[in-house]
Each structure stands twice: as structure tokens, then as C-alpha cells.
Amino acid sequence: MSELKRTPLFDEHVRLKGKLVDFAGWEMPLQFDSIINEHNLVRKVAGLFDVSHMGEIEIEGPDAIHFSDYLVTNSVSSLKNGAIVYSPMCNEKGGIVDDVLVYRLSNAKTMFVVNASNKDKDFKWITSNKGSFDVKIKDASADFAQIAFQGPRAEEILSEVSQVRLEKIPFYHFEYGRVNGIKALVSRTGYTGEDGFELYVDPEAVVALWRKILELGSSIGVKPIGLGARDTLRFEAAYMLYGNELNDYNSPLEAGLKWTVKMEKDFIGKEVLEEQLANGTKYKLKGLELSGKSIARHGFEVFDGEKKIGWITSGIFSPTLQKSLALAYLEKEYWKIGSEVQVEIRGKRSPATVVKTPFYRGSVKSKG
């Protein structure tokens, strides 16, 4: 077995008595307190996440914008410098290589922020599709540590040490500046459904910043948050998890990400998505509410009577809503809100109803 990788904040996680687990080859904290307590803290106040395991891939050169646009389904060319876009990156069959954030750093440079489990795969994919584009591609992951400070009071706390005017940063935009005297790229992004920021800093500077934010927020209960609550938070907001909702086979249209697909431009996998737009898809990702407290886990099958009609991608008992909820790929006849289905859980069928997503809207800003 290869040795697990560690972020620059590993010793902090040990010091704070985090429960460490293997996540995509990284030794990361699953939780520091109970997952429910951490979840509720982010919903009501703010919490601090180590997301330094995420990958960063830089594309630079005269064709950087054009090439980035070709790699993803969403539009990079329509962004202004300082803006960010969320997008699937498709393969030739319309399946999803990864879901990424693309930062438009300048007219000649972008940064793709990619999932930790897919970083090497993504770098290889991007490099293999370079063709005649005039760009240089760099795996810059080792140049950054990344922390996320999320929650309705995140701006209030971070403003105390930020030389960046945080209130001036719109949703899905970023600024360069100093936070606690440390050079940082500060973006108004996150994956919790709450307002907040993600900060990219020099790995050697991140411990000081991490400690300062926890110190500043201690009076209102700010604490470090592990991957367990990160998952329950993203689920309630119906954000996708690669390997669960997204994979190399299901398309962005099947995953309910039509809003990220800009058909007026060229991109890898476009022909397949054109066909799906014209003829429809067999499956689509939908939200389910289950009766009782049974939890529908990834891979569980969904039925209508004896007919198998889909499968669960993620499911939890929602700490915020106090309901058993799930995301599932379902056949077309069951896409309508209110449709009744059954989920097979440990040999028994649990009734479930198709409901609207996201399940929860928090303090996250909107692009409107």
C-alpha cells in the first residue's frame, strides 16, 4: 500500500484531535466533534475546512481561454477576469471526467480546481487534449494550500483580518489580497449551501491563517469541520459528489446540470449532448424523501412494484430538515414531483416520494 498523502494542516488536525481517515489517498479529518454538531455549526454560524487535498491545474498561453472553453461544457470565454464558473468536463461519450471550478485569472491564464480523487486523471485528460492549442499546462497543486470558511457569519469574522473588501466580492468571483498579512486568492465559493470563502495560500503560510481564523471565531463557536459534515452539507444543497452523482458514464443532462451546458460553443462530448437534447434521456437525477428514518445508501435500488426504475447515488437523514432524503437516477416516468417509488433497504421496500431539489437553501449568495 502506498503511504497516504498529508496536507500542510495535518499536524493541526492531530493537535485538534480530528478523527483521521483515508480519503482519495489523503489522510484527512472525518470529524473533530460529532458530524451533526459540525453540520449545524456551519448552518448557523461558520466552520473552517481544510480542502488542501483538492487539485489545481493551471493553463497559460495565448489559447488558454479558448482551450479551457473546449474542455468544459460551461462558458469560460464569457467570463470577465476575476470570475469563476462551475462546470462538468466531459469525455467524447458525454460522460463526466470531473466537475471543476474554472478561475479566469487573466486573458491568457485559467486555473482548474479539480477533485482530489481525479487530479492525476484530469491532468492526463487535459494534457491529452491539448492538440494544437498554444498553451502550457501545469499541475500547480503543490503550490497551494486551500481552506474554506463557510457559514452565515463567515464574512463578519474574516473581515477582521482581511485587507480584501469581502463584501465587494460577488458570488463566484475572486480577488487577490492579504488576509492576516498573508497573500491569498480569496473566492466567494464553497460547497455547503452557505455563504463563505475559499482561500488559496502558500502552503507554508496556511497554519498561521488557519489558527487565526479559529482564534477570531472562537467567541461565537467557530470550529474546524471534517469531511463528514462537508458531505451532509453539500447533500442538503443538492451539490454533486463525483463518484456518486457524477461519473464517466452519466451526462450533465442526466445529472440535472443542463444549466452548465452551453451548446453555442464547441466542447468535447457536444455531439452526444446534442442527441440527448433532441431525443431526451432515459434517466435523470431526482430528489427523494423517504418515509421514516431509514437511510438510502449509494447503490441501493429503486423500484415501482417489481420493476427496477433507478438507483440511489447519495442519501442521509438530514440534520437540518430532520427527514430521510436521497438523490437517485430515475426513469423518465418518475421525474414528476410527487411520483411515488420504493427504495430497497436491507431486503425491505421503503416508500419514497420524488421531491424538488435543492432540499435546502442557506445563506449562499446567488448570481442574481
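Guide: Helices here are DSSP runs of H or I with at least four residues, strands are runs of E with at least two, and both are numbered from the N terminus. The model before you is predicted. Ala 46 sits in the loop between helix α2 (35–44) and strand β3 (47–50).

Visitor: Which residues does Ala 46 touch, and what makes them contacts?

Guide: Beyond residues up to four places away in sequence, Ala 46 touches Leu 41, Phe 149, Gln 150, Gly 151, Arg 153, Ala 154, Val 222 and Lys 223. Each counts as a contact because heavy atoms lie within 4.5 Å.

Visitor: How do you know whether Asn 74 is buried or exposed?

Guide: Asn 74 has a relative accessible area of 6%. The limit for buried is under 20%, and Asn 74 therefore counts as buried. Asn 74 belongs to the loop between α3 (64–71) and β5 (84–90).

Visitor: What makes the pairing of Asn 74 with Tyr 86 a polar contact?

Guide: A polar atom of the Asn 74 side chain lies 2.9 Å from the backbone oxygen of Tyr 86. Polar contacts are pairs of N or O atoms within 3.5 Å, so the distance of 2.9 Å meets that limit. Apart from neighbours within four places in sequence, the contacts of Asn 74 include Asp 69, Val 85, Trp 259 and Lys 265.

Visitor: Where is Asp 69 found, and why is it called buried or exposed?

Guide: Asp 69 is part of helix α3. Its relative accessible area is 7%; with buried set at under 20%, Asp 69 is therefore buried. The Asp 69 side chain also reaches the backbone nitrogen of Val 76 at 2.7 Å. Neighbours within four places aside, Asp 69 is in contact with Asn 74, Ser 75, Val 76, Ser 77, Lys 265, Asp 266 and Phe 267.

Visitor: What makes the sheet that includes β5 an open one, and which strands stand at its edges?

Guide: The sheet has five strands in the order β5-β6-β7-β4-β8, paired antiparallel. At the edges stand β5 and β8 (136–139), each with a single partner strand, so one side of each is left without a neighbour in the sheet. From one strand to the next, the twist averages 25 degrees. Helix α3 packs on this sheet, touching β4, β5, β6, β7 and β8, and its direction makes about 30 degrees with that of β7.

Visitor: How do you know that β5 and β6 pair?

Guide: Strands pair if DSSP finds at least two bridges between them. Seven bridges are found between β5 and β6, in the antiparallel sense, so the two strands pair. One of the residues involved is Tyr 86, whose bridge partner in β6 is Leu 101.

Visitor: Why is strand β7 described as largely enclosed?

Guide: β7 covers residues 109–114, and five of its six residues are buried, so the rest of the structure largely encloses it.

Visitor: Which strands does β7 pair with?

Guide: Strand β4 (residues 55–60) is joined to β7 by six bridges, running antiparallel; there, Glu 56 has Val 113 as its bridge partner. Strand β6 (residues 96–106) pairs with β7 over five bridges, also antiparallel, and Val 102 has Phe 112 as its partner. A hairpin through two residues joins β6 to β7.

Visitor: Which strands close into a barrel?

Guide: Six strands close into it, in the order β14-β17-β16-β15-β18-β19, with antiparallel pairing. The twist there averages 45 degrees from one strand to the next. Helix α7 (residues 227–236) lies across β16 (307–317) and β17, at about 125 degrees to β16.

Visitor: Which residues of the largest nonpolar core touch the most other members?

Guide: Tyr 103, Ile 147, Phe 149 and Val 186 do, out of 68 residues. Helix α6 (residues 206–217) gives the most to this core, with six residues. A second, separate core has 23 residues, including Ile 59, Ala 64, Phe 67 and Met 89.

Conventions. Residues numbered from 1 in each chain as written. Predicted model: local features only at pLDDT ≥ 70, side-chain atom pairs only at ≥ 80, totals over all residues. Heavy atoms only, no water. Buried < 20%, exposed > 50% of the residue type's maximum accessible area, 1.4 Å probe, protein only. Polar contact = N/O pair within 3.5 Å; in protein donor to acceptor, adjacent residues only side chain to side chain. Core = buried A, V, L, I, M, F, W, Y, C linked by side-chain atoms within 4.5 Å. Axes fitted to C-alpha atoms, helices over the stretch in contact; angles between N-to-C directions.
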